[in-house]
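Here is a short report on one protein model. Please look over the sequence and the structure before reading on.

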Amino acid sequence: MTDPPALLLEVDGVSFSYGRHHVLDGVSMRVAPGEFVALAGSNGSGKSTLVRVALGLTEPAAGTVRLFGQPPAHLKDRWRVGYVPQRPIVVDQLPATVEEVVASGCVARRGWLRRPQREDAGRVERALEVVALTELRRTPIVELSGGQQQRAFIARALASEPELLVLDEPIAGVDADSQARFRDALVTRCHADGVAVLLVSHELGAVEDDLNRIVLLRGGSVVFDGPPADLTAEGVSLGVHHHDLPMWLEHPR
């Protein structure tokens with residue numbers, strides 16, 4: 001028998017507090033190669049904190065984290081992880097075009113001291129195509145809509161050709177068209193190239209048919225970890241309906 005592929009992300013019994021406020025309590029989670037995992041929970045459930053701990057941006061009070069089989073601080077090839085934070089900051093006077101912003105993602109792979117390589121142009125082109133921004137490549141990023149800017153930052157994360165893509169609330173407040181393009185970009189990248197995706201969101205209707213697993217947090221603890229079908233079998237919709245996911249998280253049966 002062949003060994004199963006090594007996990008890209010392993011979170012085991014992680015706890016974290018801000019002073020006396022407990023944010024995470026014994027949380028465990030995993031992401032395997034090529035897997036599309038959603039992390040959901042109501043506001044204040046600890047989603048963003050868990051992501052920061054998982055990526056080594058915040059130290060847990062207890063528990064362990066393994067990123068590509070090692071502590072996050074020991075990971076030298078940071079390009080293997082593409083990360084789009086919840087609210088990327090766009091400076092109003094930033095003169096960079098969409099293409100220049102996306103190209104900056106290649107730095108993580110080649111390093112700051114090396115000149116741009118021929119392969120970088122191909123990576124940027126593929127990333128722009130995935131998020132459907134090729135025609136806007138010369139446009140200053142400050143002139144884009146909020147949804148288009150989010151897609152540009154996703155493209156920047158994709159430009160390093162990561163093995164794990166982590167997205168924190170990437171479609172919050174964006175229009176329906178951008179949500180649809182966002183879904184197409186993720187599914188294309190995840191299924192065609194085998195990139196694992198960890199998507200943090202409370203609105204999963206756009207991707208529910210493509211998810212392998214959903215991890216639900218409530219009060220800093222995991223209350224569900226399984227395929228979407230197991231959740232919908234309980235009458236919980238992942239879209240926007242009377243018994244949708246956000247309502248279920250607030251008032252579970």
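Does Ala-196 count as buried or exposed? Ala-196 counts as buried, because its relative accessibility is 0%. Buried means under 20% relative accessible area, exposed means over 50%, and partly exposed lies in between, with a 1.4 Å probe and protein chains only.

The model is predicted: local features need pLDDT of at least 70, side-chain atom pairs count only at pLDDT 80 or more, and totals for chains, interfaces and linings use all residues. Residues are numbered from 1 along each chain as its sequence is written, and side-chain values use heavy atoms, leaving out hydrogens and water.

**Overall make-up**

The protein has 8 helices and 9 strands. These are DSSP runs numbered from the N terminus: helices are H or I with at least four residues, strands are E with at least two. Of the 253 residues, 47% count as buried. The protein exposes about 12700 Å², and carbon and sulfur atoms supply 50% of that area. Accessible areas come from the Shrake-Rupley method with a 1.4 Å probe; for residues, only the protein chains shown count as cover. A contact means heavy atoms within 4.5 Å. Among contacts between residues at least 6 apart in sequence, 66% join residues at least 24 apart.

**Around Ala-196**

Ala-196 lies in strand β7 (residues 196–200). Leaving aside residues up to four places away in sequence, Ala-196 touches Leu-8, Val-31, Ala-32, Pro-33, Gly-34, Glu-35, Glu-163, Leu-164 and Leu-165. Val-166 is 30 residues from Ala-196 in sequence, and their C-alpha atoms are 8.6 Å apart.

**Pockets**

On a 1 Å grid over the protein atoms alone, a pocket is an open set of points with protein on both sides within 12 Å along at least five of seven lines; lining residues have an atom within 4 Å of a point. Grid points are joined across faces, edges and corners, and a volume is the space filled by probe spheres set on the points. For residue classes, Ala, Val, Leu, Ile, Met, Phe, Trp, Tyr, Cys and Pro count as nonpolar, Asp, Glu, Lys and Arg as charged, and the others, Gly among them, as polar.

| Pocket | Volume | Lining by class |
|---|---|---|
| Largest | about 350 Å³ | 7 nonpolar, 4 polar, 2 charged residues |

β5 gives the most, with 3 residues.

**Backbone angles**

Most residues other than glycine have a negative phi. Phe-68 has a positive phi, near 55°. Phe-68 sits in the loop between β4 (62–67) and β5, and is buried at 12% relative accessibility. Ala-132 has a positive phi of about 60°. Ala-132 is in the loop between α4 (118–130) and α5, and is partly exposed at 36%.

**An aromatic pair**

Rings of Phe, Tyr and Trp (its six-membered ring) pair if their centres lie within 6.5 Å; planes under 30 degrees apart count as stacked, over 60 as edge-to-face and the rest as tilted. The count comes to 1 aromatic pair. Why is the pair of Phe-16 and Tyr-18 edge-to-face? The ring centres are 4.8 Å apart and the planes stand at 80°, so the pair is edge-to-face. Phe-16 is buried at 9% relative accessible area, whereas Tyr-18 is partly exposed at 47%.

How values were computed:
1 Å grid on protein atoms, 1.4 Å probe; cavity = no way out; pocket = protein on both sides within 12 Å on 5 of 7 lines; lining within 4 Å.
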